[in-house]
Amino acid sequence: MTIGIEYLGVSLKITTVVVPVAVYFLILGLLNTRRHPQLLSGRLDFCLLLAAMGPLALLPVLGLFGTSVLSMAAAVAALVAVALVLSPSRGQWVIYNLSAQEGTRLVRQALQRMGLETQGGGTEFRIIGCEGTVRLSAFPVLRNVTVRLEGADGQFQQRFADTLAEILATDRAEQNPAAVALLLVAMAMLVAPLALMARHAPEIVRLLTDLLP
């Protein structure tokens, strides 16, 4: 019985770490299979990543301080604090299912639709008539482009985000073979923990029975 419970604890830890990462890969795969490029705010993109990697950071803390309600609450509070400190500020977005070249073209097109002209090219250009600067950085592995709008107020940032979203909704995305690989990896990572937990079904039933009055 004790050995079974110990193995169950290991399986639960593995499941806690693997499942959020698998769900994250699944979301990335779905984003990269859409017909149109998908725009996410920088904060939402960061929160998705933090939700996937958070359990990996929390388990060592809980192993050190125990799994009491107080220690779990403190660990979650620390994770939220890290999210608030490291979360990107307003004026940053991530576009999935898009190449760097297409990202530059569509961002410039959004600014032109707003009646603005730009100077420069490539991954950085300045908006004529205001102090705003747009910087782009690509992550080819996940096929996404990060867009940063600096030197503009919140109202301008919102107008830019709305205009960019409208343009992306009408732009046709190219097929991305990496998206299929992400989906396959995600499904494999989801199936493996379930199979691992299925081996401990009797221990799980026994634990639940003991918890019932």
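Predicted model: local features only at pLDDT ≥ 70, side-chain atom pairs only at ≥ 80, totals over all residues.

Student: What secondary structure does the protein have?

Tutor: There are seven helices and six strands, in the order α-β-α-α-β-α-β-β-β-β-α-α-α from the N terminus. Helices (H or I, at least four residues) and strands (E, at least two) are DSSP runs, numbered from the N terminus.

Student: How do you know that the span of helix 5 is close to the expected one?

Tutor: The expected span is 1.5 Å times one less than the number of residues. Helix 5 (residues 154–170) has 17 residues, and its first and last C-alpha atoms lie 25 Å apart, close to the expected 24 Å.

Student: Why is Thr 146 called buried?

Tutor: Buried means under 20% relative accessible area, exposed over 50%, and partly exposed in between (1.4 Å probe, protein chains only). Thr 146 has 12% relative accessibility, so this residue counts as buried. Thr 146 belongs to strand 6. Contact means heavy atoms within 4.5 Å; leaving aside neighbours within four places in sequence, the contacts of Thr 146 are Gln 92, Trp 93, Val 94, Arg 135, Leu 136 and Ser 137. In the protein, buried residues make up 37% of the 213 residues.

Student: What makes the phi of Asn 97 and that of Arg 143 worth noting?

Tutor: Most residues other than glycine have a negative phi. Asn 97, not a glycine, has a positive phi of about 65 degrees, and Arg 143, also a residue other than glycine, has a positive phi near 50 degrees. Asn 97 sits in the loop between strand 2 and helix 4, and Arg 143 in the loop between strand 5 and strand 6.

Student: Are these two residues buried or exposed?

Tutor: Asn 97 has a relative accessible area of 1%, and is therefore buried. Arg 143, with a relative accessible area of 17%, is buried as well.

Student: What makes a set of residues a nonpolar core?

Tutor: The set must consist of buried Ala, Val, Leu, Ile, Met, Phe, Trp, Tyr and Cys residues joined through side-chain atoms within 4.5 Å. The largest such core has 23 residues, and Val 107, Leu 111, Val 134, Val 147, Phe 160 and Leu 164 have the most contacts inside it. Helix 5 gives the largest share of this core, six residues. A second, separate core has nine residues, including Leu 28, Ala 52, Val 94 and Leu 182.

Student: What is required of a pocket, and which residues lie nearest the centre of the largest pocket?

Tutor: On a 1 Å grid over the protein atoms alone, a cavity is a set of points where a 1.4 Å probe fits but cannot get out, whereas a pocket is an open set with protein on both sides within 12 Å along at least five of seven lines; lining residues have an atom within 4 Å of a point. The largest pocket is lined by 16 residues, and Asp 45, Leu 49, Val 94, Tyr 96 and Thr 146 lie nearest its centre. Helix 2 gives the largest share of this lining, five residues.

Note on methods:
Residues numbered from 1 in each chain as written. Heavy atoms only, no water.
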